[in-house]
Amino acid sequence: MNRHGEQQFAALQQVEESLNDYISTHIDPEDDYLYRLYRATNIHTIHGRMASGHIQGRLLKMLVTMIRPKRILEVGTFSGYSALCMAEGLDDDGKLYTFEINDEMEDFTRPWIAQSPVADKIIFTIGDANLLAPQLGITFDMAFIDGDKRTYIETYEMAMKLLRVGGFLLADNTLWDGHVIDSAYDHDQQTLGIRAFNDHVQADQRVEKVILPLRDGLTLIRKIKE
């Protein structure tokens with residue numbers, strides 16, 4: 001990238017940051033517990049940016065409130081931020097089953113979930129959701145995929161089998177910082193996984209789908225037939 005390109009990129013980043021600040025001040029506020037969790041995530045984990053954060057977190061809660069699922073499947077708990085946001089939107093009898101494959105996150109994440117106001121709605125499991133979720137014997141109303149991008153298609157197909165017709169599936173990071181359209185990332189396995197996933201969903205006649213350019217890209221998918 002030449003100097004002019006670098007200046008343009010920096011200007012676009014500044015606009016995006018300013019817009020995010022504007023949005024954050026014009027939506028429901030982030031409560032103190034979530035604020036402290038997000039801060040702790042960025043201090044104590046290597047990839048703190050992976051947490052959903054204020055704007056996406058409020059959207060997740062809103063979507064759950066609108067869809068009113070009884071059972072949610074989440075693949076990729078990370079620090080628990082998105083799980084807490086979705087659990088906020090659940091009815092009193094709703095449950096969220098969340099899986100994190102990285103066992104090094106357990107000591108950080110489990111206390112934050114257990115001490116949260118919505119702990120009774122969340123079942124947190126360390127392990128591979130692609131193997132463990134089908135063993136639950138549960139039909140889900142909603143799923144949120146935010147795991148390994150290299151296996152997104154595998155995770156999607158697993159979740160689709162467990163999702164009821166009419167249910168919703170959300171997939172995070174589907175624009176991958178713009179790498180999906182950047183040839184510089186043609187050999188990056190995470191980027192290739194996201195590109196393949198987007199193509200797979202686009203061609204899937206079982207679903208309706210739309211990609212929101214929110215944060216790192218969020219795909220909303222509704223299952224319309226088996």
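This is a predicted model: local features need pLDDT of at least 70, side-chain atom pairs count only at pLDDT 80 or more; totals for chains, interfaces and linings use all residues.
The chain falls into two parts, with domain 1 spanning residues 1–30 and domain 2 spanning residues 31–223. A distance of 24 Å separates the C-alpha centres of domain 1 and domain 2. Contact between them involves 7 residues of domain 1 and 9 residues of domain 2.

The size of an interface is often expressed as the accessible area that is lost when the parts come together. For domain 1 and domain 2, the buried area is about 710 Å². Carbon and sulfur atoms account for 58% of this area. On the side of domain 1 that touches domain 2, the residues comprise 3 nonpolar, 2 polar and 2 charged. The number of salt bridges between domain 1 and domain 2 is 0.

Backbone geometry was examined next. Most residues other than glycine have a negative phi. Phenylalanine 78, which is not a glycine, has a positive phi of about 55°. This residue is placed in the loop that connects strand S1 (71–75) with helix H4 (81–89). Phenylalanine 78 is classed as buried because its relative accessibility, 10%, falls under the 20% cut-off. A positive phi is also found at tryptophan 176, where the value is near 50°. Tryptophan 176 belongs to the loop between strand S5 (163–172) and helix H8 (189–203).

The surroundings of one helical residue were also considered. Glutamine 56 is part of helix H3, which covers residues 53–67. With a relative accessible area of 1%, glutamine 56 lies under the 20% cut-off and therefore counts as buried. The side chain of glutamine 56 is in polar contact with the side chain of serine 52, at 3.1 Å. When neighbours within four places in sequence are left aside, the contacts of glutamine 56 are with Asp172, Leu214, Arg215 and Leu218. Of these, Asp172 falls within the range given for strand S5 (163–172).

Technical notes: Residues are numbered from 1 along each chain as its sequence is written. Side-chain values use heavy atoms; hydrogens and water are left out. Domain bounds come from an automatic or database domain assignment. Contact means heavy atoms within 4.5 Å. Buried area is the accessible area (1.4 Å probe) that two parts lose on being put together, summed over both. A salt bridge is a side-chain nitrogen of Lys or Arg within 4 Å of a carboxyl oxygen of Asp or Glu. Ala, Val, Leu, Ile, Met, Phe, Trp, Tyr, Cys and Pro count as nonpolar, Asp, Glu, Lys and Arg as charged, and the others, Gly among them, as polar. Helices (H or I, at least four residues) and strands (E, at least two) are DSSP runs, numbered from the N terminus. Buried means under 20% relative accessible area, exposed over 50%, partly exposed in between (1.4 Å probe, protein chains only). A polar contact is a pair of N or O atoms within 3.5 Å; within protein, one must be able to donate a hydrogen and the other to accept it, and residues adjacent in sequence count only if both atoms are side-chain atoms.
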